[in-house]
Every structure is written in C-alpha cells, then in structure tokens.
Amino acid sequence: MKLSDRALEYRFWQDAVYEKDWKNALDFLIESLRDELVFDNLAIYIIDENGKRSEIAYARAIGREKNAEADASWGEEIADKVMLKNEIVFDSPSEEESSSKRVANPYLAGMPLMASGKLIGILSLIRFGGPVYTQEDISVALLAAVVIAYIFEKRALQESIIALEKVQRQMRLQDDFVSTISHELRTPLGFIKGYSTTLLRDDTEWDEETRREFLTIIDEEADHLTGLIENILESARLQSQTFDMNFQPLRLDVLVRDIITRVHARYENFEIVFTNYSEKIIQGDNTRLAQVFENLFSNTVKYAPKSKIEISIKNEDGNLLKVSFSDSGAGISEEHLPFIFDRFYRVPDQPKKAGTGLGLFISKRIIEAHHGKIWAESDAKKGTRFIILLPTEQNN
Amino acid sequence: MAKRILVVDDEVRYQRLLDANLRTDGYEVVAASNGLEAIEIFSSQPIDLILLDIMMPELDGFKTCERIREYSNVPIIMLTAKGDEKDRVRGLDLGADDYLTKPFSATELLARVRAVLRRAQVSSEITQVRYFTHGDIRVDFARAEVWRDGANEPIPFSATEYRLFLQFVHNAGKILSAEELLTAIWGPDYRDEKEILWVSIARLRQKLEVEPHAPTHIITRAGLGYIMPSDDEN
C-alpha cells in the first residue's frame with residue numbers, strides 16, 4: 001500500500017534534516033524512495049561552481065541487472081539534457097528495443113535539483129525494461145529531488161563553514177601572534193627597564209647583595225630577549241625559505257648526548273634517561289638538529305617541570321632512525337594536539353608561560369628539511385611523546 | 001602609620017621590583033599572584049592602594065577590579081601594556097583610578113603611587129562593605145555569591161542573573177523600569193524585549209524567594225517596573 005502524501009513527505013524529510021553526514025542522509029532517503037518507486041540505478045550529478053560541468057556525486061545500483069555494473073546506463077546523457085533544458089526529461093526506448101536488450105536500452109528520467117534559485121544538479125533514475133514512468137512516479141521522484149537538493153545544499157554549506165573556519169583560524173593565529181609577540185618582548189624589556197631604573201634611583205642606596213640580584217635579573221632578561229628575537233627571525237627565514245642547511249654526516253646519538261650535557265649544566269636536577277640502540281650515520285645539519293632537541297627540552301622545562309625525560313634512538317624499517325622523546329607531564333589535550341606544530345599556535349589558557357608559538361613550527365621545518373617527520377602523541381596520564389623519524393645514509 | 005599597598009602580579013620578578021621600590025618609600029607591601037588571592041587578602045586586612053596587573057591566571061585584572069568596585073572605593077592602579085589603549089580605557093571604565101604602562105621606570109611608579117594616594121586622601125575615606133543583606137538573603141561581593149540564611153551553598157545564579165540581581169541591590173528602594181534593566185544587562189538593542197526580562201525575573205524569583213508567587217525581594221510595581229524594597233519598607 002502506498003503511503004499518504006504527508007507520511008511520505010515526513011519519511012523523506014526526517015533523515016535529511018536529522019543526519020549530519022550527507023551520505024547517510026542520502027542512503028536513508030534512497031531506501032525510502034525505493035519502497036515507493038521502482039528503479040534499478042540511481043545517479044546524482046552535481047554541477048560545478050561555474051555551472052558548466054556536472055560531476056557524479058552519488059550512485060547506487062539497487063535493482064535488476066546489478067551485475068551489469070559499469071556497462072549499464074547511469075543516465076549521463078539525460079543529465080546533460082536536463083542541464084540544457086533545466087526541466088524534467090524522459091527517455092524511453094521503443095517496445096522492440098526494450099524487450100531485446102534491457103540493459104542497453106533503459107527507461108530514463110532526469111530531474112533538475114534546484115536550490116538557492118539555481119540548478120545545482122540532476123537526479124537520474126534508470127529502469128531496465130520499464131515500466132514507463134507514471135504521473136504518480138514522477139510526483140514521488142520530484143519530492144525526492146527537492147529533498148536531495150536540500151541535502152546537497154546543506155553539504156555545500158557545511159563545506160564552506162569548514163573552509164571559512166580554516167581561514168579564520170589562520171587569521172586568529174596571526175592576530176594572536178602580534179599580541180603574544182608584543183607581550184613576550186615587553187616582559188623582559190619591562191624587567192630590564194624596571195630594575196635598571198631602580199638601580200639608577202638617586203634617592204636610595206642599595207646594598208651590594210641587592211645590586212647583584214637586580215643586575216643578574218637584568219642580565220638574564222637581556223639573554224631571554226635575545227633568544228626571543230633569534231626565534232622570531234629564524235621563523236621568518238624558515239617561512240620565506242631563505243635558510244641554508246649545512247648537511248654533513250653525523251651520529252645522532254652523539255649530538256643528543258652533547259645536548260643532554262648542556263641541559264644538565266643549566267638544570268642540575270633534571271632527570272634524563274637516554275637509551276641508544278643505533279650508531280647509524282645520518283646526513284644532517286648539526287646546529288639545526290641541536291636546535292630541535294633544545295626546543296623539546298625547553299618545552300619540557302616550561303610545560304612539564306619536574307618531569308622525567310626519556311629519550312631513545314632506534315633503527316626503524318626503511319633506513320630510518322626513530323627518536324622518541326617523552327615526558328611524564330600533564331600531557332596536551334586532544335583538541336590542541338593537532339595544531340601544536342602550526343606557526344604561532346599556543347595551547348590557550350596558559351597566560352605568561354613564556355613562548356611565541358614558534359618553537360615546534362621551527363622544529364618541524366628543520367626535520368622536514370632533513371626529509372624526516374615529527375609528530376606528537378599525548379595522554380593525560382602518561383605525558384607527551386614526540387617522535388622523530390630521520391632517514392639514515394643508505395650504506396651503513 | 002605606613003600605607004599598605006597590595007601588589008597583584010603573577011610574575012615573581014614584578015612582585016620583587018614593586019616590593020623593593022615601594023618599601024624604600026616607606027610603604028608596607030603585600031603581594032598576591034592572582035585576582036582571587038588578591039580579593040582574599042583585600043577582605044582580610046586594611047589596604048590603602050592596589051597595584052593590579054591585567055593578564056593573570058584564575059581571575060584577571062579586569063574582573064578583579066570590577067568585583068572589588070562592587071563594594072569598595074579603594075584606589076586601584078592598573079598595570080597595562082604600552083600601546084594598548086583599549087586595555088587602559090577598559091580599566092578606567094571599570095573604576096580603576098590610574099594606570100601604569102609596562103615597561104615603567106621606578107621613579108614613575110613611585111610618582112603615580114604618591115599622586116593616587118594624595119587624591120584618595122582629599123576625596124574621601126575608603127569605604128568597604130563586603131556584605132549586603134536583604135531579609136533572609138546575603139550578598140558576598142568579594143566572592144560574587146548570594147546566600148540564603150541557613151543554606152549550605154550559595155544560590156546557583158548564572159552570570160546574567162547575578163548581574164541582574166546586583167542592579168536591584170545597588171538600587172535598593174528605587175523603582176527600576178523594564179527599559180533601564182534591559183539596557184543595563186542586555187544592552188540598548190534589547191530595551192523593548194520585555195519578555196526576556198519577564199522570564200529572567202521569574203527565574204530569579206524561583207531561586208531567590210521562598211515563595212516565588214509572593215516575592216519579598218523583587219516586587220513588581222505594575223506599570224512602573226520592579227523594586228527591591230529598602231529594609232524599612234519590608
């Protein structure tokens with residue numbers, strides 16, 4: 001028994017509105033449509049932005065002749081006719097053709113999909129061996145066409161939202177960068193200005209110990225400022241691709257050991273466990289690679305203080321070295337993890353943790369210049385793990 | 001007696017800088033590293049002046065200033081970043097007395113502190129009323145909480161409900177028209193959205209009144225608006 005018009009409309013619309021994924025929405029709709037209307041193949045063509053060409057967006061072989069697959073008609077011809085005429089088009093074979101070669105001579109119906117005042121696509125229905133489309137078939141198919149147009153319009157909106165969000169995020173990062181960078185530069189500058197003018201006050205005498213304390217702060221903050229400026233320039237160079245790499249054969253384990261010694265000199269109580277399983281040689285820029293590891297160490301000092309660091313270097317299939325660098329800090333939450341290598345990105349809500357959002361961006365660029373890869377895995381319970389893959393020299 | 005200054009900054013090096021300079025000029029200094037800590041300290045001892053940084057964890061400088069201004073006229077100097085006119089204007093709008101832009105010199109800091117303290121002395125006594133009571137209801141401005149007598153926890157107001165309620169508290173005994181309330185809480189675009197106010201007042205009463213249909217705290221004056229009757233009317 002056929003459903004009443006209202007009930008049919010409800011069934012067609014409910015999933016289209018409810019489902020978030022357009023393919024699911026279509027699958028449900030086509031299933032409902034199949035109960036109301038006989039067809040074997042169904043294809044939906046979507047017209048590109050210039051309105052000139054149509055592309056297949058969705059196709060289902062449901063009925064008879066499923067096995068004919070690619071040989072069977074998918075209604076491309078009729079889609080082109082609908083595009084030209086902007087109206088419903090039927091194409092039926094003669095009695096004789098129909099009975100002789102069912103697959104080669106299908107009954108076709110093409111329905112325009114209209115949305116936002118224009119033709120956005122075509123719905124093609126294909127029947128192998130009839131029957132001819134009745135008036136009722138057509139009204140059901142037209143209703144389906146309206147719902148399909150809605151589903152694709154929704155898809156188009158969803159896609160433009162995603163595209164806009166991406167642009168917006170980039171713009172926000174730029175904006176944040178300007179305010180972050182000015183804050184970052186101003187903080188050490190504020191200390192230098194504040195403590196030097198304190199020492200210059202002519203209405204007060206400071207004792208020797210206090211003078212040394214203040215001068216030490218000025219000295220450290222000047223170093224901090226230098227480091228920040230270096231970082232900003234470095235990132236500008238990396239961004240404009242005007243940096244030179246000085247490749248030479250080197251042992252990564254030697255380089256890492258060297259840096260650990262330096263880190264220990266600065267932070268005595270830092271517990272670092274280094275395990276090396278490979279003595280392979282890589283082609284690398286010593287200074288740049290050192291920069292990557294120094295950056296990872298300084299991140300740990302900043303974001304996971306007191307955490308133990310475990311580093312290992314192993315051989316990996318395909319002439320690769322795999323470096324694992326893990327801390328046992330608070331981890332990086334899932335929502336921020338995908339963006340930490342983006343330029344200027346900083347995990348929000350950590351006011352005054354010094355940083356420019358450039359460190360990991362610079363590191364990634366350096367590793368990529370070595371034809372390697374760097375990524376991070378994180379778990380609130382276990383901490384954060386950075387993994388670096390670098391190609392080794394072929395013959396060792 | 002030495003004036004006591006509360007220094008609020010989450011950077012230890014700024015705390016030290018302010019502390020060292022202020023002490024040489026004979027001030028007592030108390031330090032806090034965020035807004036919440038500052039409000040706690042401010043509630044527990046007499047303070048003559050607050051030096052308040054803006055970017056801080058927990059409660060930032062703007063919110064801290066706003067909350068302190070609900071119940072106290074203690075002089076406040078905001079520490080703002082140079083070139084950030086928006087921050088300066090916002091601070092002054094929220095009731096700060098002056099601002100000091102980072103980086104600043106030690107002598108400028110001391111001059112500003114002297115000037116603000118001088119002005120405060122001329123103008124009036126520091127008044128500070130942390131609590132307000134109305135019948136069985138008590139407002140704790142420092143914590144931004146409203147309590148009913150004998151309750152174990154504060155009334156769970158949303159931010160908007162609390163702001164709406166404060167309009168009545170600060171204007172107790174005065175009739176407030178619907179337009180005034182809508183403009184104050186939701187902005188001028190909402191001045192005619194009476195239904196929004198009706199719903200909000202009803203929800204406020206649900207939480208505030210023992211019997212929402214016979215309210216004692218927020219009373220409707222037909223055709224005029226709403227009033228929180230002053231205590232003698234109660």
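The axes of helix H5 of chain A and helix H1 of chain B come within 11 Å and cross at roughly 20° (axes are lines fitted to C-alpha atoms, for helices over the stretch in contact, and angles run from 0 to 180 degrees between N-to-C directions). H5(A) and H1(B) are therefore roughly parallel to each other, a label for angles under 35 degrees; over 145 counts as roughly antiparallel, 65 to 115 as roughly perpendicular and the rest as oblique. This is a predicted model, in which local features need pLDDT of at least 70 and side-chain atom pairs count only at pLDDT 80 or more, whereas totals for chains, interfaces and linings use all residues. Residues are numbered from 1 along each chain as its sequence is written, while chains are lettered from A and ligands numbered from 1 in the order in which they are written.

**Where the chains meet**

- The contact between the two helices is made by A:Phe191, A:Gly194, A:Tyr195 and A:Thr198 of H5(A) and by B:Arg13, B:Leu17, B:Ala20 and B:Asn21 of H1(B) (two residues are in contact if their C-beta atoms, placed from the backbone, lie within 7 Å).
- By class, the contact of H5(A) with H1(B) has 4 nonpolar, 3 polar and 1 charged residues (Ala, Val, Leu, Ile, Met, Phe, Trp, Tyr, Cys and Pro count as nonpolar, Asp, Glu, Lys and Arg as charged, and the others, Gly among them, as polar).
- Overall, 18 residues of chain B are in contact with 15 residues of chain A.
- On the side of chain B that touches chain A, the elements giving two or more residues are helix H1 (12–24) and helix H5 (106–123) of chain B (helices, H or I with at least four residues, and strands, E with at least two, are DSSP runs numbered from the N terminus).
- H1(B) gives the most to that side, with 5 residues.

**The sheet of chain A**

- An open sheet of 5 strands has the order S2-S1-S5-S4-S3 in chain A, with antiparallel pairing (two strands pair if DSSP finds at least two bridges between them).
- Strand S2 (54–61) and strand S3 (89–91) of chain A stand at the edges with a single partner strand each, so one side of each is left without a neighbour in the sheet.
- Strand S1 (residues 41–47) and strand S5 (residues 118–127) of chain A run antiparallel and are joined by 6 bridges.
- Within this pair, A:Ile44 stands opposite A:Leu123 in S5(A).
- Helix H5 (residues 135–200) of chain A packs on the sheet and touches S1, S4 and S5 of chain A, its direction making about 45° with that of S4(A).

**Inside chain B**

- Chain B contains 8 helices and 11 strands.
- Of its 234 residues, 29% count as buried (a residue is buried if 20 or more other C-beta atoms lie within 10 Å of its own, exposed if 12 or fewer, and partly exposed in between; C-beta atoms are placed from the backbone).
- Helix H7 (residues 178–186) and helix H8 (residues 194–208) of chain B pack at an angle of about 85°, with their axes 10 Å apart.
- That angle makes H7(B) roughly perpendicular to H8(B).

**Backbone details**

- The peptide bond from B:Lys102 to B:Pro103 is cis, with omega near -5°.
- A:Ser116, in the loop between S4 and S5 of chain A, has a positive phi near 50° in a residue other than glycine.
- B:Ala144 has a positive phi of about 55° although it is not a glycine.
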